[in-house]
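Dear colleague,

Please find below the structure that I am handing over to you. My findings follow directly after it.

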Amino acid sequence: MGLLDDKVVLVNGGSQGVGAAIARAAVREGAVVAVSGRRQEPGEALVAELAADGGKAMFVQADLADAERAKASVAEVVDAYGRIDCLVNSAGLTSRGTLLDTTPELFDQHIAINLKAPFFAMQAAVSDMVARKAPGTIVNIITSSAHGGQSFLAPYVSAKAGLIGLTRNAAHAHRWDRVRINGLNIGWTATEGEDATQKAFHGAADDWREQAAARLPMGKLGQPDEIADFVVFLLSDRSGVVTGSVIDWDQNVLGGLD
């Protein structure tokens, strides 16, 4: 439908999983897309795929654990295309830790990737939008676990809950600049990263997706392409004036009890 025609979109953490699905959906809707990631090979492979399908895309190599590289990812897009219209913060660290066994080093890693990187990428993107007196949109990929989460996700929940607060704060601060900022609390999602996590931390078998799906109300895990379509809608003008919203994308209802 051309929802993002001529928009310049950066998807941080976009070389695989939900981020890659968002990049594909944005290209289909007419955007020029940049994807950032730590590993060059999957990032460049995705860009080649998008180009082969007729899209215009670039890869930005960035270890988002470094706040300066998070800022630089935006700067490289602005240098290449003259502006940034839309930003998606989709990178996430999901390594496990409880209140009792989380080390300061692990906690800092979660803060760096799940909160600090989005903060400074948003800072750079909004600075460009404000300097040009141009509207823009940002979507932060968060997690339904930010409402509380499992005991083994203590540092992850801490950082992502902070991202909810940041999303609302920044949306309020920049609404008069016509910069709309929203968040999406996604639930359990079928991605390459989740597959690695389940096998590394929980000893999951190869058919863990099927077993998990059978226990869920809708009979399936969250699907990256479905999430991507909704993110594109939030980035587009079709989502109207919506800003500061953090939407639960999950099949478990917050506050509902059996």
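The axes of α1 and helix α8 (residues 224-235) come within 8 Å and cross at roughly 55°. Axes here are lines fitted to C-alpha atoms, for helices over the stretch in contact, and angles run from 0 to 180 degrees between N-to-C directions. Helices (H or I, at least four residues) and strands (E, at least two) are DSSP runs, numbered from the N terminus.

The model is a predicted one, in which local features need pLDDT of at least 70 and side-chain atom pairs count only at pLDDT 80 or more, while totals for chains, interfaces and linings use all residues. Residues are numbered from 1 along each chain as its sequence is written, and side-chain values use heavy atoms, with hydrogens and water left out.

The helices α1 and α8 are therefore oblique to each other; angles under 35 degrees count as roughly parallel, over 145 as roughly antiparallel, 65 to 115 as roughly perpendicular and the rest as oblique. Their crossing is right-handed, meaning that the near helix is turned clockwise from the far one by less than a right angle. Among the residues of α1 that meet α8 are Val18, Ala21, Ile22 and Ala25; contact means heavy atoms within 4.5 Å. The residues of this contact of α1 with α8 divide into 10 nonpolar, 1 polar and 3 charged. Ala, Val, Leu, Ile, Met, Phe, Trp, Tyr, Cys and Pro count as nonpolar, Asp, Glu, Lys and Arg as charged, and the others, Gly among them, as polar.

Buried means under 20% relative accessible area, exposed over 50%, and partly exposed in between (1.4 Å probe, protein chains only). After α1 comes Gly30, whose phi is positive, near 100°.

A second pair of helices is α3 (residues 67-81) and α4 (residues 104-131), whose axes come within 8 Å and cross at roughly 30°. That angle makes α3 roughly parallel to α4. The crossing of α3 and α4 is right-handed. The residues of their contact divide into 9 nonpolar, 1 polar and 3 charged.

Finally, Ser95 lies in the loop between β4 (86-89) and α4. Ser95 is buried, with a relative accessible area of 16%. Leaving out residues up to four places away in sequence, Ser95 touches Leu106, His110 and Phe201.

Yours sincerely
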